[in-house]
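This briefing covers one pair of chains and the fold of one partner. The sequence and structure come first.

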Amino acid sequence: MRKRSFWLALAALAAVVTMTAGGATAGSPQGALKPAAAGGTVILGADQEPKILNPFLTDGNLYWLSVIVGQVFEGSYELNNDGDYVKEMITDAAVTSNPFTVTYKLKPGLKWSDGTAITSKDYVSTLTTIMNKNWDITSRAGYEEIQRVQTPNALTARVVFKKPFAAWKDLFGALIPAHKVKGQNFNNTWANSIDISSGPFKFERWQKGSQLVLSKNTNYKSGQQAKINQVVFRFIPDTNTQFQAMRGGEVDMIAPQPQLQIADIKKQAGIKVQSGPEFAWEHLDIQLGNKGHLALRQPYVRQALVTGINRGQIAEALYKEIAPGLPVLRNAIFKPFEKSKYQAHAWQPFGFSQKKAISLLRAKGCTGGPATPSSKNTDIYSCPGVGKLSFRFFSTAGNQLRSLAFQIMQKQLKSVGIELVNRFRTGVFSVLPTGDWDLFLFTWIGSPDPSGSVEIHKCKGDQNYNAYCNNKVTKLLDASQNEVDPTKRVALMNEADKLMAKDLPTLPLFARPGFLISKSSVGNVLKNPTSEGPTWNSELWTVAK
Amino acid sequence: MLTYVIRRVLYSIPVLFAASFLIFSFVALASDPLQFLRMQPRVDQTTIQKIIVREHLEEPIPVRYVYWIKEATTNKFGSTLIGDRPIWPDLSRVMKNTAQLVIAAELLAILLAVFIGVYSAVRQYSAFDYSFTTFSFLGLATPVFWLALMLQVLVVNIFLNYDIRIFYVSNLSSTDPDNFLLDRIQHLALPVIVIAVASVAQYSRYMRAAMLEVINSDYVRTARAKGLNERTVVMKHAFRNALIPLATVVALNLGGVLGGAVVTETVFSLDGMGLYFIRNLVEGDPYPVMAWLMITSVMIVFFNLVADIVYGYLDPRVRYD
């Protein structure tokens, strides 16, 4: 009996294994997936899962949530793949002065997914909801400058500002439906689902920890109706797994951070890789506050530091396989591809010169370091009154490209007698606002509107983590916020950038390239360099059968 | 036995309190739940201040700990500091997912380890014994993340070269599976294999060592001398006693692994306890981390107790007062 039950158990195990192996399916790369219904489904691999679905609240402040709900909630303008503002739900936005006023004209016939008309009252509800201090709104920037919104008719919203506001196109990017939020606790609205849509897609379901599904909104009238039936976001936080899932056909599209694996996946048949610079710039911040190294408050030390770093070599080493020819950044506010705005300033006044770096230090009485640059050097300079030039270098652990950048900089600077000490760690951004660091390598993510740079560089700005303060720069940046003439605004900001280049509070490295990897069978996929993300034109996507 | 169980549970309570206070303090000191929010351009400072006051973020750590105790005991571990999202629904979901993974992996590991351990001991120094000894050491030495990645690459390469999908490399299920059970097995297979490999290696060594000790003992020699066949001697007389150390190890291991196989879940992007813990730790929100800790601690204490009880059941000489 025991012998028989042993063999029965073994047979059962074999059956399970066979069933599992036999479940292997041949045929289409979709494997066990259901054949696409008419229109098809596109599956995106997302490396972050939202915590809630309300993009206005603090907990909804996540890039991938903005990518998801960007197709659910529309507004006045969107950013296209050239980084230009394009009218979305409006036919016109007329700007007048005295007082500064923007008059929006909505397209006629627009409806929410429940059939309710989209009207100018939705502009009012957007403003009042955002300005309501009871709700945990992430940012009220710009909306605080609005005095009132008038609604002379259902299709016209007249927004009157307290003073001229340059970044007005960034406002009302997603309208909040008046009929849905009236009397509701907005802090609890759209936590786990969204019951309304004004975009080409609407929310269908969210399997937490796994995927979120959007389906076509048949009431969408603002533009072309979606050609596909569904967009699915599968949450895959691990980058290596994202690539394997892309290779194996488990997802149709990924938008990874720059990775060396991109060079390999480019070679795979049936996969298209788009790359290009984004409104994100990699830079090395220098701490000028009390918790940083005393030496970094000396201009000559900062000059020696930046003169000893070969940015071109770093860009070449990191990106020659995946984004060859990446130019070095010479402006902390604008990017090279913003041709009408970008001005190259002298962020590295002496270029890259290890000899010059050493002479700058020795001229100020620094000792203990090499007289000439040497790759074998182990001596570190000490400078009068500020001590040894050994700096704590912070950045994100587990990022191959950042590790490589650090290793290159460390070697370059060691040759001239400056030491960089590795302080890479997970969760490193908790250190950034404390100011308790010397050098910090990270990426700022911005937008075509440069107003985000103001808080980074002005005295006591909200994102001024390196305690940089130049009153002239602050005055120029503040003035740019209220300058509505685009040309004059750009001039003010470039003037500020020129002054910052002399102070060297940071060293811009390069505009980080972005990548969009998709199956060739998904048509009309176009990379967008802004925070609109890969789904910006998802209503145009097609899926080849 | 009941007295023993009650006494063990009571001893655990101060241990849990001490562990929870220490972990809460470390997490609260080491991280800032508002860090990512503060980094956003043009973030509203009023909102940040409101959260700081509402969640007592500027109070001393012991005071914040008391607030957490109150939330945890009256409100199913309370809500997250940012966003005020209830913790229990997410935690219960990830517990179920990890349970599926871990139980499947441990069952597989136990079945294989028992077979390998018993056979290796009975056929000591045979080719089978040497092979599986080598395999065990390899299994113990292989980093989990490396094995996970290699299996992913292997499975994907098979798919690309032969157009056959055996297993999936990420998540727990497909978007619209035809057969939910089969789809789930195909998604869980690789992570189960990864966890099972290390467990099989460990358990089979214990089983082999215990079997060798038992089958060379006097009473087993007596059973052979009585004329019993080898299968009866091994399975009826030796096996049960050799199970004792393995049962103890498995019970203790299970308690820890149910806290989440962090590396495996991260690599395969499985929505489990390990990924839940890492995500909330990086975000610096102590409340979900504490909830995870309490669940894991209770499981460890529980399975320690189970180990003792099983030990007492398998070995009638052991009695608890």
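Contact here means heavy atoms within 4.5 Å. On that basis, 66 residues of chain A are in contact with 56 residues of chain B. This is a predicted model, in which local features need pLDDT of at least 70 and side-chain atom pairs count only at pLDDT 80 or more, while totals for chains, interfaces and linings use all residues. Residues are numbered from 1 along each chain as its sequence is written, and side-chain values use heavy atoms, with hydrogens and water left out.

**Interface**
- Chain A and chain B bury about 5400 Å² between them, 51% of it on carbon and sulfur atoms; buried area is the accessible area (1.4 Å probe) that two parts lose on being put together, summed over both.
- Seven salt bridges are counted between chain A and chain B, a salt bridge being a side-chain nitrogen of Lys or Arg within 4 Å of a carboxyl oxygen of Asp or Glu.
- B:K50 and A:D136 form a salt bridge through their side chains, at 2.9 Å from N to O.

**Chain B**
- The secondary structure of chain B comes to 13 helices and one strand, where helices (H or I, at least four residues) and strands (E, at least two) are DSSP runs, numbered from the N terminus.
- From the N terminus on, the order of elements in chain B is α-α-α-α-α-α-α-β-α-α-α-α-α-α.
- Along the principal axes, the C-alpha atoms of chain B fill a box of roughly 85 × 60 × 35 Å.
- Of the contacts in chain B with a separation of 6 or more, 69% are between residues 24 or more positions apart.

Terms used. Chains lettered and ligands numbered in written order.
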